Structures are given as structure tokens and as C-alpha cells.
Amino acid sequence: MMSVTGVLIFFGIFLAWTILRKIEKHREDAGSPNPTVMLLGGLLTSLGFTWEILGNDKIGAVVLSLILIGPAMIGYALANVGVERITGRLMIQSVLTLLSLFLAGNYSTVAVDVAYAGPFLALLLLMNAHMMIENGIQRHLIVLSSWLIVLFSWTRYALEDTSGLLKVMIVLPYVAAVLLWVGVLTVTYFKLSSNYPTLHITAQEGL
């Protein structure tokens, strides 16, 4: 599950990278390395998630490093492009996600559980940045997506002790969150094309 959605998350980060490049071009800041740093961070995170596809059953030090360094690079890139508006919602969601680590060890190992918190926090940060350039139904969908990530950060610990339909129900919020986020990113990308009107005024304070 984490392997497949890892690929989808990288696609979402690729869309965010494209949107960031378009916005920085509009701001005449196209030479900034920040979009590239964010894309590389997304690639490292996705490689960590998709490692099992290559036939590795256990997550080792290399994979743990990827899914820790990747989110750190994403956060660094966003911090350097002006994402300074840390909302109360983001603070609460981040704290709740970190508090879920009290259950660490029930899902697999403490090291793996702690490492996965990094990508979750990176996703919340990306979603928060995306909210700043959206309004209306699209913004509400991203808010819903971010809360689904928080929900899964707690319920994922029950995956080991469940099976069948119940396991699907636990995974569903996470999959829905990623699909919603990528879907809204896709709409935002087309909004930035020549066939659509420009983003509203707060877009220059967003990604």
C-alpha cells in the first residue's frame, strides 16, 4: 500500500513542483533552486516508499534515511519560497500526528513508525502551502485531505491485527487523502495554463 501510494505521492509532488516553477516564473524568480530541491526530496521519499517493489521485505537503514531526508528537503524548499504562514490547523495536525507515535511499535517497529511520521508531516506542509493558493470547494477538499492524513497516522497501527474489509477501511482514508490532493493539484495546474484565468491575488503568497 505504501509502495503504490508512494508513486502517486511523487506524482503529486511533481505537480507541486511544476506549479511552483510557474508561480516563481510569474514572480520573476525562475532561477531559484527551491523547486529542484523539493522535487528531489519528493523523489527520495517515494524511493523509500517503493523500496518493497524491488523485493525488500524489511526496511533497512538506507530506506529509513530516504524517508527522513526526503521530507526534510521538502520542508527546506517550502520554507525558502515564503511558506511562512503556519496556520493553527497545521500546528494542531502536526501535534496530533506526532502524538500518534505513542503507539509506535504496534504496527511494525518503532524505527519504521517514527520514520513514517516524516512523510506524513511533509504531506501536511505541502497541503497547507497548497491551501494558500486555493479557495472554494478545492480548498475544502485539501482541508479534508489533510485531516484524513492525520486520521490514518493513528489508525495505521491497527493494520497488523486486522484483515479483509476492516483492513481496507483503515487504508481507505489514506488513499482517499492522496487521491483528493493529487486531483486538486491537477486542477490547479490547468488553472495556470494559458486557457484559464490566473490565480487569485493570494497565490503569490502561496507555494
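Predicted model: local features only at pLDDT ≥ 70, side-chain atom pairs only at ≥ 80, totals over all residues.
Helix H7 covers residues 164-191, and its 28 residues reach 40 Å from the first C-alpha to the last, close to the 40 Å expected at 1.5 Å a residue. Both Val171 and Pro173 belong to the buried residues of H7. Also buried in this helix are Ile170, Tyr174, Ala177, Val178, Trp181, Val182, Val184, Leu185 and Thr188.

The secondary structure consists of seven helices and zero strands, giving the pattern α-α-α-α-α-α-α along the sequence. Of the 207 residues, 47% count as buried. Among contacts with a separation of 6 or more, 77% link residues 24 or more positions apart. The protein exposes about 10200 Å², of which carbon and sulfur atoms supply 68%.

A further proline deserves a look in helix H3, which spans residues 61-80 and contains proline 71. Proline 71 has a relative accessible area of 9% and is therefore buried, the cut-off being under 20%. Leaving aside residues up to four places away in sequence, proline 71 touches Thr45, Leu66, Gly118, Pro119 and Ala122. The C-alpha atom of proline 71 is also separated by 9.6 Å from that of leucine 125, a residue 54 residues apart from it along the chain.

Terms used: Residues numbered from 1 in each chain as written. Heavy atoms only, no water. Helix = DSSP H or I, 4+ residues; strand = E, 2+ residues; numbered from the N terminus. Buried < 20%, exposed > 50% of the residue type's maximum accessible area, 1.4 Å probe, protein only. Contact = heavy atoms within 4.5 Å. Areas by Shrake-Rupley, 256 points an atom, 1.4 Å probe, with all protein chains shown as cover. Expected span 1.5 Å × (residues − 1).
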